[in-house]
Amino acid sequence: MIEDISRANEVILKLKKALNEKNKESLQAHNDYVYLLADFENFKKRSEAMLNECKEEGKADVILKLSETINELFYFRDVVFKSLGQENDIAKGFSIIIEKLQKSLSDSGFLLIDPLNQNFDPRYHHIAYTQKVEDDALKGKVIKVLSKGYMQNGKVIKPAVVVVGV
């Protein structure tokens, strides 16, 4: 009988060791699952961020390709205003079209940089050339905009090309 109790204790001890081993394996499997789930969530977030970044870069690329055409529209508007006057129906219609274009750009996260009469700022403006001015108030200011610039969500994607008074 003592032999049976001794054997039973050995079996119980082996079963306890096996149970402990399985508990460790189970805990390791659970931890692996939690880490994999966290990695997958991080992957999803990174993928979404990369997708959004690619979309924004794509939008910026389109605006950069259209920027010269848009600048020509602004130039043409100024010519129409000078030759026909701002009260002319054609000039008014042209203004409405440009306002809609600016609103579409703004709604898409783009801001036009039109720095006429502002202080020169190298973060937003690129100097094409400088021009001597008599008025001291115009020194260091943008006296002519050759090409408007563009910002996307607060970041300059194309600086305005300007003439600065000196």
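Q: How do you know that the span of helix α1 agrees with the number of its residues?
A: The structure is a predicted model, in which local features need pLDDT of at least 70, side-chain atom pairs count only at pLDDT 80 or more, and totals for chains, interfaces and linings use all residues. Residues are numbered from 1 along each chain as its sequence is written, and side-chain values use heavy atoms, with hydrogens and water left out. The expected span of a helix is 1.5 Å times one less than its number of residues. For the 83 residues of α1 this should be 123 Å, and the end C-alpha atoms are 118 Å apart, which agrees.

Q: What makes α1 a helix, and which residues does α1 cover?
A: A helix is a DSSP run of H or I with at least four residues, a strand is a run of E with at least two, and both are numbered from the N terminus. Helix α1 comprises residues 2–84. After α1 comes Gly-85, with a positive phi near 90°.

Q: Where is the kink in α1 centred, and what is its angle?
A: The bend at a residue is the angle between axes fitted to the seven residues ending there and the seven starting there. In α1 the kink is centred on Ser-67 and amounts to about 45°.

Q: Why does Asn-71 count as buried?
A: Buried means under 20% relative accessible area, exposed over 50%, and partly exposed in between, with a 1.4 Å probe and protein chains only. Asn-71 has 9% relative accessibility and therefore counts as buried. The buried residues of α1 include Ser-67, Ile-70, Asn-71 and Phe-74. Contact means heavy atoms within 4.5 Å, and the elements against which the buried residues of α1 pack are α2 (89–107), β1 (110–113), β3, β4 (149–152) and β5 (155–158).

Q: What makes the pair of Asn-71 and Ser-147 a polar contact?
A: A polar contact is a pair of N or O atoms within 3.5 Å; within protein, one must be able to donate a hydrogen and the other to accept it, and residues adjacent in sequence count only if both atoms are side-chain atoms. The side chains of Asn-71 and Ser-147 are joined by such a contact at 2.8 Å. A polar atom of the Asn-71 side chain also lies 3.0 Å from the backbone nitrogen of Lys-148. Leaving aside residues up to four places away in sequence, Asn-71 touches Ser-147, Lys-148, Tyr-150 and Lys-158.

Q: Why is Gln-152 called buried, and which residues does Gln-152 touch?
A: Gln-152, in strand β4, counts as buried because its relative accessibility is 9%. Beyond four places in sequence, Gln-152 touches Glu-56, Lys-59, Ala-60, Gly-109, Phe-110 and Ile-157. The side chains of Gln-152 and Glu-56 form a polar contact of 2.9 Å.

Q: Why are β1 and β5 said to stand at the edges?
A: Two strands pair if DSSP finds at least two bridges between them. The open sheet has 3 strands in the order β1-β4-β5, with antiparallel pairing. β1 and β5 each have a single partner strand, so one side of each lacks a neighbour in the sheet.

Q: How many bridges join β4 to β5?
A: These antiparallel strands are joined by 3 bridges. Within β5, Val-156 stands opposite Met-151.

Q: What is the pairing in the open sheet β2-β6-β3?
A: The pairing of these 3 strands is mixed. The edge strands, each pairing on one side only, are β2 (125–131) and β3 (142–147). β2 pairs with β6 (residues 160–165) in the parallel sense over 6 bridges, and His-126 has Val-161 of β6 as its bridge partner.
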